[in-house]
Amino acid sequence: MIIRDFHKAKTTDRRVGAERWESVRLLLAEDGMGFSFHITTIEAGSEHTFHYKNHFESVYCISGEGSIEDIATGEVHELRPGVMYALDQHDKHTLRCRTEMVFACCFNPPVTGKEVHREDGSYALENS
């Protein structure tokens with residue numbers, strides 16, 4: 001059994017971030033679960049384009065309001081507490097946060113915690 005305290009994890013190297021967002025990785029590849037689990041906070045008024053070419057991601061909105069745009073189709077979906085989305089086609093997308101947003105996210109394959117977003121918004125596939 002794995003037990004982790006979000007508040008303690010925030011003070012370790014499991015907390016990562018970049019411009020206008022941060023993520024606390026509560027489960028990583030090294031934990032052997034087959035997926036990683038993160039709590040991600042994104043600043044109000046920010047916009048981020050991601051394209052996870054090597055990972056599937058599911059995201060549940062805990063708090064905040066914004067939208068997600070599917071770059072391929074131009075479709076825009078509103079995000080608010082209780083809404084989830086799954087990037088089941090490695091969908092390139094843009095998140096727009098009207099307020100600070102907090103998400104619970106799962107990645108498959110799991111991230112190692114050492115990834116950084118590349119220029120195209122993706123993570124390289126790393127060996128764990």
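User: Which residue forms a salt bridge with Glu 30?

Analyst: This is a predicted model, in which local features need pLDDT of at least 70 and side-chain atom pairs count only at pLDDT 80 or more, while totals for chains, interfaces and linings use all residues. Residues are numbered from 1 along each chain as its sequence is written, and side-chain values use heavy atoms, with hydrogens and water left out. A salt bridge here is a side-chain nitrogen of Lys or Arg within 4 Å of a carboxyl oxygen of Asp or Glu. The closest N and O atoms are 3.2 Å apart, and the partner of Glu 30 is Arg 14.

User: Why does the pair of Glu 30 and Arg 14 tie together separate parts, and how many residues apart are they in sequence?

Analyst: Helices (H or I, at least four residues) and strands (E, at least two) are DSSP runs, numbered from the N terminus. Glu 30 lies in the loop between strand 2 and strand 3 (36-42). Arg 14 lies in the loop between helix 1 (6-9) and strand 1 (15-18), so the pair ties together parts whose separation in sequence is 16 residues.

User: Is Arg 14 buried or exposed?

Analyst: Buried means under 20% relative accessible area, exposed over 50%, and partly exposed in between (1.4 Å probe, protein chains only). Glu 30 has 62% and is exposed. Arg 14 has a relative accessible area of 10%, so Arg 14 is buried.

User: How many salt bridges are there?

Analyst: Side chains of opposite charge can pair when their charged atoms come close. One of the pairs is Glu 22 with Arg 15, with closest N and O atoms 2.7 Å apart. By the salt-bridge rule, the count is 8.

User: Which strand holds Arg 96, the partner of Glu 69?

Analyst: Glu 69 and Arg 96 form a salt bridge, with closest N and O atoms 2.9 Å apart. The pair links distant parts of the chain, 27 residues apart. Glu 69 is in strand 6 (residues 66-70), and Arg 96 is in strand 9 (residues 93-97).

User: How many disulfides are there?

Analyst: A disulfide is a pair of cysteine sulfur atoms within 2.5 Å. The sulfur of Cys 97 is 8.8 Å from the closest cysteine sulfur, in Cys 61, which is too far for a bond. Cys 61 is buried at 1% relative accessibility, and Cys 97 is buried at 3%. The count of disulfides is 0.

User: What is the pattern of elements along the sequence?

Analyst: The protein has 1 helix and 10 strands. Buried residues make up 41% of its 128 residues. Read along the sequence, the pattern is α-β-β-β-β-β-β-β-β-β-β.

User: Which residue has a polar contact with the side chain of Arg 25?

Analyst: Arg 25 sits in strand 2 (residues 21-27) and counts as buried at 1% relative accessibility. A polar contact is a pair of N or O atoms within 3.5 Å; within protein, one must be able to donate a hydrogen and the other to accept it, and residues adjacent in sequence count only if both atoms are side-chain atoms. The contact is 3.4 Å, and the side chain joined to that of Arg 25 belongs to Ser 23.

User: What is the phi of His 90?

Analyst: Most residues other than glycine have a negative phi, and most peptide bonds are trans. His 90, in the loop between strand 8 and strand 9, is not a glycine, yet its phi is positive. Arg 20, in the loop between strand 1 and strand 2, also has a positive phi, of about 75°. For His 90, phi is about 55°.
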